[in-house]
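Please keep the sequence and the model open while reading.

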Amino acid sequence: MFIYLINPIVLLLLHFYYYKNKNHPSEKYIWVFVIFLLTIFIGLRYEIGADWITYQSYFNTIENIKIKENILKSSAVYLLINKIVYNGGFEFWGVNILCASIFMLSLGFFLQNSQNKWLGLLFSFPIIIVILGMGYVRQGLAFSFILLLIKSLENKNLLNVSVFIILSIVSHKSALFICALLLFINFIYYKNTLLIII
């Protein structure tokens, strides 16, 4: 339980330090290191998470699940990750590490150019990282791709927008509503007819 208090304290200290020392040469290296540590923190958990038993049972039966028959289901990304890990000869922890890597890389990429990324990471810790990243893996994957979708919308990159919409929806079907909402807001803000048609 102590580790859940150490993380936010360290993030708060990093926020104060880099707020006073803006554009310090070490900041980008520390940022990458912290993202890596949080990936390990999420990925190497054991029996932690709301769907732990369900996900572990899914992994144990992954050999019998056919990709062709299930690829169009709402959790196709999670299915592919399980297949990759299983065929690579790894155990269930490999699935968690791979999902945590996608999750934290997306969050890190989303926050890295913001005005105060350390404060953003600190505020993300209790709900986004602990509850979503550690508890609900498929929803966390969908959230990861939605963060990348937002960045693609900001950069007006239509190809990436299309890719991340598809990836988020096939990670978890609940992402469909969020993607539609983001496209609508983008359309209203930029009056971009082409995006709303897509």
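**Briefing: cysteines, helix pairs and buried residues**

The structure holds zero disulfides, a disulfide being a pair of cysteine sulfur atoms within 2.5 Å. This is a predicted model, in which local features need pLDDT of at least 70, side-chain atom pairs count only at pLDDT 80 or more, and totals for chains, interfaces and linings use all residues. Residues are numbered from 1 along each chain as its sequence is written, and side-chain values use heavy atoms, with hydrogens and water left out.

**Cysteines**

- The sulfur of cysteine 99 has its closest cysteine sulfur in cysteine 179, 18 Å away, which is too far for a bond.
- Cysteine 179 is likewise in no disulfide, and its nearest cysteine sulfur is that of cysteine 99.
- Cysteine 99 is buried at 5% relative accessibility. (Buried means under 20% relative accessible area, exposed over 50%, and partly exposed in between, with a 1.4 Å probe and protein chains only.)
- Cysteine 179 is also buried, at 1% relative accessible area.

**Helices H8 and H9**

- Two packed helices are described by the angle between their axes and the distance between the axes.
- Helix H8 covers residues 137-155 and helix H9 residues 158-169; they pack at about 165°, with axes 8 Å apart. (Helices are DSSP runs of H or I with at least four residues, strands are runs of E with at least two, and both are numbered from the N terminus. Axes are lines fitted to C-alpha atoms, for helices over the stretch in contact, and angles run from 0 to 180 degrees between N-to-C directions.)
- That angle makes H8 roughly antiparallel to H9. (Under 35 degrees counts as roughly parallel, over 145 as roughly antiparallel, 65 to 115 as roughly perpendicular, and the rest as oblique.)
- H8 and H9 cross in a left-handed way. (Left-handed means that the near helix is turned anticlockwise from the far one by less than a right angle; right-handed means clockwise.)
- On the H8 side, the contact includes Phe145, Ile146 and Leu149; on the H9 side, it includes Val161, Phe164 and Ile165. (Contact means heavy atoms within 4.5 Å.)
- This H8 and H9 contact has 10 nonpolar residues, three polar and no charged. (Ala, Val, Leu, Ile, Met, Phe, Trp, Tyr, Cys and Pro count as nonpolar, Asp, Glu, Lys and Arg as charged, and the others, Gly among them, as polar.)

**Helices H1 and H7**

- Helix H1 (residues 3-20) packs on helix H7 (residues 117-135) at about 160°, with axes 8 Å apart.
- H1 and H7 are therefore roughly antiparallel.
- Their crossing is right-handed.
- Residues of H1 that meet H7 include Tyr4, Asn7 and Leu11; among those of H7 are Trp118, Leu122 and Phe125.
- The H1 and H7 contact counts 13 nonpolar, two polar and no charged residues.

**Buried residues in helices**

- Asparagine 7 sits in H1 and is buried at 16% relative accessibility.
- Beyond four places in sequence, asparagine 7 touches Leu38, Phe41 and Phe125.
- Tyrosine 78 belongs to helix H5 (residues 76-87) and is buried at 2% relative accessibility.
- Contacts of tyrosine 78 beyond four places in sequence include Tyr55, Phe92, Cys99 and Arg138.
- From tyrosine 78 to leucine 182 is 104 residues in sequence and 23 Å in space, C-alpha to C-alpha.
- Serine 106 lies in helix H6 (residues 92-111) and is buried, with a relative accessible area of 4%.
- Leaving aside neighbours within four places in sequence, serine 106 contacts Ser144, Leu147 and Leu148.
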